Amino acid sequence: MLFDTHAHYDDKQFDEDRDTLLSSMRENGVGYIVNASYSVNSTKKAIEIAEKYDFIYALAGIHPNDKDCLDEASFDEIKRLASHPRVKAIGEIGLDYYWDRVERDVQKNAFAKQIAIADELSLPFVIHTRDACKDTLDILKSEYKGGGALLHCFSESKETAKIVLDMGLKIAIGGTVTFKNNVKTVDAVKYIPLESLVIETDSPYLAPTPYRGKRNSSLYIHHVAEKIAEIKGVSPQLIEEITTENAKRFFNIE
């Protein structure tokens with residue numbers, strides 16, 4: 001069974017067929033899904049979905065671009081919600097300088113505060129970083145205490161992968177690895193050892209080839225596994241087995 005470590009089934013793009021789609025996952029080889037959050041309300045919805053489906057788990061966290069939630073009251077609420085047994089990590093948290101909707105100092109403060117929440121609750125955390133690699137790494141070097149962290153939707157160089165791996169982080173690869181001419185991600189995947197790798201879809205975003213530009217779903221995660229298998233020169237079954245076990249260990253799922 002494949003493990004999709006990052007999806008957003010609380011997104012409105014799934015409002016018309018969410019239950020039908022999720023009910024089809026296991027018969028299509030998807031055995032585990034983690035529903036990532038980006039705000040207080042998103043976290044609540046993620047927990048509701050995880051309560052309904054026993055193969056879905058939730059993250060609790062505030063995305064760096066959610067300018068309405070980056071305050072102390074919201075952090076306190078995330079901490080409360082993260083105590084729910086279906087929540088397996090804090091996330092997605094981090095820095096996003098691509099959209100730059102929130103002042104960078106505010107983003108950095110929110111990132112550090114949510115890492116502290118993860119530490120206090122003995123949970124790992126899931127990182128979003130876009131056009132903010134140096135600052136993300138600087139904060140991790142300062143704040144990360146080794147309790148488990150995963151870099152979601154990795155799109156950096158193999159040199160950055162080395163830094164991240166040397167810090168003890170896991171790396172998640174998604175549909176962008178299938179995009180034509182995405183040499184940087186392919187080179188990084190060649191470098192990343194299988195024991196440090198998990199896979200994701202980031203549904204409904206970043207659908208892999210041949211569905212690029214369409215709504216993504218966990219049903220397409222086998223395309224990610226197959227591409228990584230091709231890059232690594234191993235079988236898709238091996239990628240499925242190893243990445244699923246890696247994800248189960250990371251999220252503490254039996």
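Select residues 40-52, helix α2, together with residues 72-81, helix α3: the two pack at an angle of about 10 degrees, with their axes 10 Å apart. Axes here are lines fitted to C-alpha atoms, for helices over the stretch in contact, and angles run from 0 to 180 degrees between N-to-C directions. The angle makes α2 roughly parallel to α3, a term for angles under 35 degrees. Helices (H or I, at least four residues) and strands (E, at least two) are DSSP runs, numbered from the N terminus.

This is a predicted model, in which local features need pLDDT of at least 70 and side-chain atom pairs count only at pLDDT 80 or more, while totals for chains, interfaces and linings use all residues. Residues are numbered from 1 along each chain as its sequence is written, and side-chain values use heavy atoms, with hydrogens and water left out.

Next, display the side chains between the helices. V40, T43, K44 and I47 of α2 meet S74, E77, I78 and L81 of α3, contact being heavy atoms within 4.5 Å.

Then select the strands. They form an open sheet of 8, paired in parallel in the order β1-β2-β3-β4-β5-β6-β7-β8; pairing requires at least two DSSP bridges between two strands. At the edges stand β1 (2-7) and β8 (197-199), each with a single partner strand, so one side of each is left without a neighbour in the sheet. From one strand to the next, the twist averages 30 degrees.

Finally, select residues 56-60 (β3) and 87-96 (β4), parallel strands joined by 3 bridges. Here A60 stands opposite I90 in β4.

Conventions:
Angles under 35 degrees count as roughly parallel, over 145 as roughly antiparallel, 65 to 115 as roughly perpendicular and the rest as oblique.
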